[in-house]
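Let's take a walk through this structure together. Have the sequence and the 3D view ready as you read.

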Amino acid sequence: MSKIVEIKNLSVSYMPGTPLQRDALRDVSFVVEKGEFRAIIGPQGSGKSTLLQVMAGLLQGEGRVTICGQDMSNKKNRAGLWRRVGVIFQYPERQLFEDTVFNDVAYGPINLGLSEAEVQRRVKTALQEVNLGEEVYHLSPFKLSGGQRRRAAVAGILAMEPEVLLLDEPTAGLDPRGKRQLMDLFSNLCRKQQVPVVLVSHDMEEVAHRADLVSVLYRGKIAMEGTPKEIFSRGKDLASLGLSTPFASQLSMALQEKGLPVQNMTTLPEAVREVERLLRLKGKVQ
Amino acid sequence: MIENRKVINIQGVSFSYPGTNNRIVLDNINLDVYAGEMLVLLGPNGSGKSTLARLMNGLLVPTGGQVLVDGLDTADETSLWQIRKQVGMVFQNPDNQLVAALVEEELAFGMENLGFPPEEMKKRIKELSARMQLEEFLDFPPHRLSGGQKQRVAIASVLAIEPQVLVLDEPTSMLDPAGRREVLSELARLKQSGKTVVLVTHDMTEAVAADRIVVLEQGKTAFVGSPRECFSRVDWLREIGLEIPPPAELARRLRERGLAVPETLYHVTDWVEYLCQK
């Protein structure tokens, strides 16, 4: 497996050397492999966004940071990172600016210096992936609905064919279907094309459902790291950090406290299996 | 306590935004909000929820029909101050709503505009900040607070002018789990104290606490009823892009597998109680 993100002993301070110095990240080590889906959870102010900005080459701290094989202490490498790393911050549709959807999605590929034919191919593929049809190609992005605008903005990132995707709450404000479609898209990219995804989210159901590994940030440090099952079995620790667990984990913890024989569960399919077993065990159903 | 008194009365309301070729955002909405209830507005993106919320205190005025707040027409500009005193709004992003340099000034802002006497302002700020656990932050600039704290300041500053109704447009969507819990328990307390709460949300778990749920679809009221009735229409909700809360989804999947579990298990505690019964 190759490491796409490799961060060793990273510390980031805002306004260092002044009375207002704030340590946003302290001695963080963090590795993401090719094809991995990683979630980062943590309360507000824990350093999640700072870490994402470092990975995007937008911020520099102390420590060793290598992204897609590029040493981030080199300014040129940082400046060129936009070609390799796709970043989707909250409400990306606020950055749409071109006169048509097509031109907006084409903006990145054109800047990559690709041939016109390749630009065309990428834009069409990306718009198809986010499920926007030809009928919107020549519309102003501002004529689209909220969900469509979000998808157009995402298409603009996909058309760059990034080597890694960095996502900061990409589904905030979307309805359940819009959320599911967008997350399916990221999952598929990760599974089928081995594009690693780093997802910052407060949505524990999504994290449990999608992530291979979860990193918990607290006050600028990695407080826990493990599979969703390992992390969400520590409900009390998470609660003390101001975090929560998905419904299935809450249920298994509550049932275990009552002395009922259920295993740790994190996803709904697991809950279906365990609760069915319990019901049959208790003779509540035939 | 839900009273049999209409605080907001929405009659045949339609709405289009200017410059959109009269594209209809809301189409002939008839809806009453009763004093003391918690009303949740659900609907897919673009269904008109936020627009309907903004019509409730005259931030937007209907293009057809009427919105009455305590009998006052929101289209009548001379009533607007009175209406805004009755119906307070809280938005998604507290950063867009907080204007003052310090939390204390933020709480005073609305009262100052309405010309409250200084002693009364001081008294209310004291009461409110104690009740909402903001006392230690009164001399903080809002930007030093967490998201949940900021949103509580936004709610407190609206409550300072003692509106009857609080309308909140996705107030938790930008908050972390702790912030979300803070805001939701504040809403539960407000309802307990007799306030009317209108909550716009995408989070089905938040909708469980509603007295009534209104589902908007393509600018029309597609459903009005209890959470129980709402969540029993799973197929329809899916069709329009919504889902049911995870506890209810678990029950649905088990029933699909032929197990006779009750339909009304909406919380972890409901499930524990059910599974612990002999």
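This is a predicted model: local features need pLDDT of at least 70, side-chain atom pairs count only at pLDDT 80 or more; totals for chains, interfaces and linings use all residues.

Residues are numbered from 1 along each chain as its sequence is written, while chains are lettered from A and ligands numbered from 1 in the order in which they are written.

Start with chain A. Its secondary structure comes to eleven helices and ten strands, where helices (H or I, at least four residues) and strands (E, at least two) are DSSP runs numbered from the N terminus. The radius of gyration of chain A is 21 Å, close to the 19 Å that the globule rule gives for 286 residues, so chain A is as compact as a globular protein of that length. That radius is taken over C-alpha atoms, and the rule is 2.2 Å times the number of residues to the power 0.38. Along its principal axes, the C-alpha trace of chain A spans about 65 × 55 × 35 Å.

Now look at two helices of chain A, α3 (residues 101-111) and α4 (residues 116-129). Their axes come within 9 Å and cross at roughly 125°; axes here are lines fitted to C-alpha atoms, for helices over the stretch in contact, with angles from 0 to 180 degrees between N-to-C directions. α3(A) and α4(A) are therefore oblique to each other, a word for angles that aren't roughly parallel (under 35 degrees), roughly antiparallel (over 145) or roughly perpendicular (65 to 115). Where do they meet? Among the residues of α3(A) involved are A:F102 and A:V105, and those of α4(A) include A:V119 and A:R122. Contact means C-beta atoms, placed from the backbone, within 7 Å.

Next, find A:V31, which sits in strand β2 (residues 22-33) of chain A. Leaving out residues up to four places away in sequence, A:V31 touches A:K3, A:V5 and A:E6. By contrast, the C-alpha atoms of A:V31 and A:R94, 63 residues apart along the chain, are separated by 30 Å.

Finally, turn to chain B. The contact takes 33 residues from chain A and 30 residues from chain B. On the side of chain A that touches chain B, the largest share, seven residues, comes from α11(A).

Key: Two residues are in contact if their C-beta atoms, placed from the backbone, lie within 7 Å.
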